[in-house]
Amino acid sequence: MTAARWARDLLEFFLPAGCVACGRWMPGPDGAPASERPLTCPTCRTRLRAPSWPRCPRCHVPIGTGRASRSDCRECVGWDPALRRARYAYLLEPPADALVHGLKYGGWPSLASEMGRAMAESLGDGVGGGDHAVVVPVPTTAARIRRRGYNQAALLADEVARCMGFRRVDALSRTRGGPTQVALPPSRRRANVRGAFSAACDRVSGVEEAHVVLVDDVLTTGSTAGAAAAELDRLGARDVTLVTFARALPFRRASAA
């Protein structure tokens, strides 16, 4: 046995790999480095739940049978017109919520790869970008980047861009912070993000006449995405589609309040 193999086995013995979502020990493939091992166990991956059909054509919230009209959807009727559509991979419930928390607060940036792949798959053929489509992450504040070490939306955007064959453009900057959206009721979310985004002046040309895939980790009410889409529209974007890893459904938001 080589010294490297012995050291790897010793590390595995004292610090065994655990699923980020449930903590269950996961034996890695023989000889595989830790960087190539999955961060979630097969059980948790099978528990990730996509939204049921039928869905609102614009925001993809499950709407139940007999309500296929966009005008019937109370979830997106108040969105900024610049936000043309939204797609997401899974519902924000266990274990998807644990993955979002692990990426955003738990110091697991490696989760962005598998989460971003699921997001790209959720877009399907709904990106009508033609020859000019770009991926734009929702920016966060400098203070939050210093605290976390990264912007989780930017990491997800890198993987979505790689999967879709598009270019990432950091077109937006966060002009002000304000309290986190998680702590606010829906009635205050729009006011909290109004005027929160502006152009990153050296990246403006990247979105002119482009279909923009706007990337964030979670969709709740659409207030943040709407404010970002409005600024992208002002910068000349032709079309904006939001894609997130998870979405909080209305009745789950109400029960959690």
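Helix H4 (residues 111–123) has 13 residues and spans 19 Å from its first C-alpha to its last, close to the 18 Å expected at 1.5 Å a residue; the expected span is 1.5 Å times one less than the number of residues. Helices (H or I, at least four residues) and strands (E, at least two) are DSSP runs, numbered from the N terminus. This is a predicted model, in which local features need pLDDT of at least 70 and side-chain atom pairs count only at pLDDT 80 or more, while totals for chains, interfaces and linings use all residues. Residues are numbered from 1 along each chain as its sequence is written, and side-chain values use heavy atoms, leaving out hydrogens and water.

Let's stay with H4 for a moment. Its buried residues (under 20% relative accessible area, with exposed over 50% and partly exposed in between, using a 1.4 Å probe and protein chains only) include Leu111, Met115, Met119 and Leu123. Among the elements that cover the buried residues of H4 are E1, helix H3 (96–104) and helix H6 (152–164). Just after H4, Gly124 has a positive phi of about 55 degrees.

| Pair | Bridges | Direction | A bridge partner in E7 |
|---|---|---|---|
| E1 and E7 | six | parallel | Arg247, for Leu91 |
| E6 and E7 | eight | parallel | Asp239, for His211 |

Rings of Phe, Tyr and Trp (its six-membered ring) pair if their centres lie within 6.5 Å; planes under 30 degrees apart count as stacked, over 60 as edge-to-face and the rest as tilted. The ring centres of Tyr90 and Phe245 are 5.5 Å apart and their planes stand at 70 degrees, so this pair is edge-to-face.

Finally, the interior. A nonpolar core is a set of buried Ala, Val, Leu, Ile, Met, Phe, Trp, Tyr and Cys residues joined through side-chain atoms within 4.5 Å. The largest one has 34 residues, and Val136, Val207 and Leu232 are among those touching the most other members. Helix H8 (223–234) is one of the elements that each supply at least two residues of this core, and H8 gives the most, with four. A second, separate core of 26 residues includes Val100 and Tyr150.

Key:
Contact means heavy atoms within 4.5 Å. Two strands pair if DSSP finds at least two bridges between them.
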